[in-house]
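Here are my notes on this entry. Please read them with the coordinates open.

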Amino acid sequence: MITIKHLSHHFVMGKKGETKLPVLHDLSFSVNKGEVVSIIGRSGSGKSTLLNLISGFIHPTSGEITINGTDVTGFSEAEFADFRLNQIGFIFQNFQLIPSMTAYQNIELPLILKGINENERKKITEQTLERVGLSQYPNHYPGELSGGQQQRVSIARALVLNPPIILADEPTGSLDSETEASLLEFIRQLNQDLNITFLIITHDQEVARIGSRTLEIQDGHLIKGGNSR
Amino acid sequence: MNFKDKWRFVQQNLKKNRVRIFMTVLATAMGTTFLIVLASVGFGLHDTLLKDIMEQDNLNEVSIYGYENEKGEHQYITDQHIEHFESLNNVKTVRRMNYLGQAPNYQVDNFEATAETRSVYFPAEQQAGMALAEGTFPTQANQVVVGYHFADELIPQDVDYDDLYTDDEVRKEETLFSENIIGKTLTFDIEKFDENDDVETTTFEVEVVGIVEEPVQRGWDDSNVYITDMLLNEIAAFTGTHTGSPYPVDDIEDTPTEKSYDNVYLHTHTLEQVQDLTTQLTDEGYYTYSVATEMKQLNMLFTIAKAGLIFIGTIAILIASIGIYNTMTMAVTERAPDIGIMKAIGANPRTIKQIFLLESSYIGLLGALIGTAVAYLISFAVNLGLPLILEAVFEEELPEGFQFSSIPLRLLFVAVAICLIVTIISGSRPAKKATQIDVLQAMKREI
């Protein structure tokens, strides 16, 4: 489902780009369809950079990224945007909901971007709201919802287009332990029911246990679960 | 993403900062109003002048007032030239006219009037459109037609000038010539002076056979007497001068030495032929004038003037566009996190650009429409109020039908198009900036 080959990345620093800061070193691993894979590492280890590279938010210095059989390494911004819309759902640590939109509108957004007609959108959005247990709160704005509820809206938005892959960056980072447990259970259930592939970035060993496999990154090197040197 | 959904986004965005949007729309509307009102003055004055020219019935006419020979000498128009004019393709008829070299005092019954006398070639006049209100055209030397207002000029011979009018400066009923002038005999004296300034007089008698139609131009009086060339020749035979002047030829500078015409008018079949004919005759050395040529020059002058006014007006819209640029830049900056989220979940940069362009176009279009409506109101008020103000302040009355400001449909299209183009251009940079927003920066994510 996701194949990473010899992926390296460095950030260019300084006004003239004279300083290079290496972040990832020759990472190679693959994630199979339907797998829940946790990527664990300390702050600054490069795990979020890895997720951003897979998401297409930044371009790798070298290496190859293949998602669902498509080599996305050389994709333009527009190509990657279309690819993300159709193939990848996102769950962010701080939810990343649009505050001026209601829960319903936030969930509906990917459907609008895809150009799905209004009637179909209504049906899908309501079904998704129901699935994440928020059918009582369609007209609530993010500010009017609890952290757990906001994260469910975020999950609903990630799910609404039925993507084969969901990338989650510290999905429980802003939640209390009780909500965290409930959310992890919900992710497990989604994986079982819909066979969605999850790639979860976390620094928390407890959260990482949700994965059927754990990869560990340290100082930009994959030290566990991959083919890193 | 379809247009309806993009429009929904724009509406949501507009609602977020109503005051700022209102001020931007206001600035755009003011710019548009300024452009339209400014240019409308050019259009209004042009329309008024054109209307004035079009009211004249000599649009198909080319006036010839002399000839410059190869040596650069001025010459009068003679029968030889007339023959040449009549042989030209585009010429329908050639009117020629001479003013009698003296203004005789015409007497009929006990009334008299001093009138300008013109010798004309009646067949050409008829072809050119001269019509009679009453009677027929002369066929003999002793027959004349008179202008529509000639009879009004006749006053009783035995009444003092002061007794002609009432206190209200209206002619007294009893001093008016109330009979039909047609069939009446006019008597007039022609004088001639010899070298010793001794005067010799002879009397002519002519019959009035027709009255010329009233002139179409407002306020024009026609109290002339139109005589035939034959009568002019008889008068000339007595005075010894071609024009019937009482003074010997040598006494007056620049008097023609052979039979010539004071005024010659060439009439074309169509209005389009006027320009070609004018150009041809000018090239041949004739001094020419035509209303159509003047109209062309006037049109060119006003086109340049209107373009200039539109250009100045565009500057106002350009200034307003700075406001749009500012508003859109602020909108992009404020919405950067939302744009980042949209891009992260798969919004195409093109879609984001289109949403912002739609927003700036909407501001431009709204401003243009409001500006147009206000411009119409101002134009209406100016046309209504300016004559009243000029009358009150300067005690000057504007001519009837005078239009100071006019907004034709094409000006409207030009103004709205300029406004839209300028606003789209000013909105395009912020829109491009929106597409270049870095997702990670916008979402403030830790890398």
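Into which domains is chain B divided?

1. Domains. Chain B splits into domain 1 (3–55 + 298–443) and domain 2 (94–269); the bounds come from an automatic or database domain assignment. The centres of domain 1 of chain B and domain 2 of chain B, taken over C-alpha atoms, are 62 Å apart.

2. Basis. This is a predicted model: local features need pLDDT of at least 70, side-chain atom pairs count only at pLDDT 80 or more, and totals for chains, interfaces and linings use all residues. Residues are numbered from 1 along each chain as its sequence is written, chains are lettered from A and ligands numbered from 1 in the order in which they are written, and side-chain values use heavy atoms, with hydrogens and water left out.

3. Interface extent. Chain B contributes 24 residues to the contact and chain A contributes 35 residues (contact: heavy atoms within 4.5 Å). Together they bury about 2,500 Å², 55% of it on carbon and sulfur atoms (accessible area, 1.4 Å probe, lost on putting two parts together, summed over both).

4. Charged pairs. The rule finds 4 salt bridges across the interface of chain B and chain A (side-chain nitrogen of Lys or Arg within 4 Å of a carboxyl oxygen of Asp or Glu). Lys4(B) forms a salt bridge with Glu118(A), with the closest N and O atoms 2.9 Å apart.

5. Helices at the contact. Helix 1 (3–16), helix 9 (336–344) and helix 12 (439–443) of chain B each supply at least two residues of the side that touches chain A (helices: DSSP runs of H or I, at least four residues, numbered from the N terminus). Helix 1 of chain B gives the most, with 6 residues.
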